[in-house]
Amino acid sequence: TDASLGYDNAGEVVSPILQGAQGIRELELVCQALELAGATVDRQCGLHIHLDARDMSVAEIQTVFKRYSNYEEQIDAIMPRSRRGSDRWCGSIAGCSSVKDRHFSCKTSLGNALGRYHKVNLTNIASRGSIEFRQHSGTTNFQKIRNWLNFLQQFVASSIQLTGIARTPRRQRS
């Protein structure tokens, strides 16, 4: 159940950890079942995706956060107006200097730097080992979810790669 929606029969679907092609197939089957059952969503509903961050460094996680913040305006442009940061469940991270501009020595301190109701939620990093992306609107449409998931996975992978590039010392030219 999900009391935050204010309906008697409101609920949310929480999946187990999905991995690989089998995980995508399971997601597709759940979406089909929800549509067949007549499940509906409205502006109050959100899609929250957790991506595994257990093997990521503090610097890599912080780079994901900074890049999302830097591109927030462009990402907002593909979201419904209700998911652009005015919503109390997925607040803007653009001005979150408490995460972007500080050095963190561990995932716990990084995860505690900001509350959970933001587009990028870091509060689960130390306990569950995940970064939660809360911005997408609720949907039962498999293709929309898959596209958003693909975007987020590529975004995180690029952020990890860019963190490594930024930390590699450049050779001095003589």
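Which residue follows α1, and is its phi positive or negative? In this predicted model, the residue that follows α1 is G38, and its phi is positive, near 80°.

**Helix α1**

The helix that precedes G38 spans residues 20-36, and its 17 residues reach 25 Å from the first C-alpha to the last, which is close to the 24 Å expected at 1.5 Å a residue. Within α1, the residues G23, L27 and C31 are buried. These three cover an arc of only 80° around the axis, and therefore they lie on the same side of α1. On the face of α1 turned away from its buried side, the exposed residues are A21, Q22 and L36.

Three strands form an open sheet in the order β1-β3-β2, and their pairing is antiparallel. Its edge strands are β1 (49-52) and β2 (120-121), each of which pairs on one side only. Strand β3 (residues 130-133) is joined to β2 by two bridges, with the two strands running antiparallel, whereas β1 and β3 pair in the antiparallel sense over four bridges.

| Pair | Centre to centre | Angle between planes | Geometry |
|---|---|---|---|
| Y68 and F133 | 5.9 Å | 40° | tilted |
| Y68 and F155 | 5.8 Å | 75° | edge-to-face |

The pair of Y68 and F133 counts as tilted because its planes stand at 40°, an angle that falls between the limits of 30 degrees for stacked and 60 for edge-to-face. Since Y68 lies in helix α2 and F133 in strand β3, this pair ties together parts that are 65 residues apart in sequence. The relative accessibility of Y68 is 0%, so Y68 counts as buried, and F133 is likewise buried, with a relative accessible area of 0%.

The pair of Y68 and F155 is edge-to-face, and because Y68 lies in helix α2 while F155 lies in helix α6 (residues 142-167), it ties together parts that are 87 residues apart in sequence. Both Y68 and F155 are buried. Together with W148 and F151, the residues Y68, F133 and F155 form one aromatic cluster.

Conventions: Residues numbered from 1 in each chain as written. Predicted model: local features only at pLDDT ≥ 70, side-chain atom pairs only at ≥ 80, totals over all residues. Heavy atoms only, no water. Expected span 1.5 Å × (residues − 1). Buried < 20%, exposed > 50% of the residue type's maximum accessible area, 1.4 Å probe, protein only. Arc of directions from axis to C-beta. Pairing = 2+ DSSP bridges. Phe/Tyr/Trp six-rings, centres within 6.5 Å; stacked < 30°, edge-to-face > 60°.
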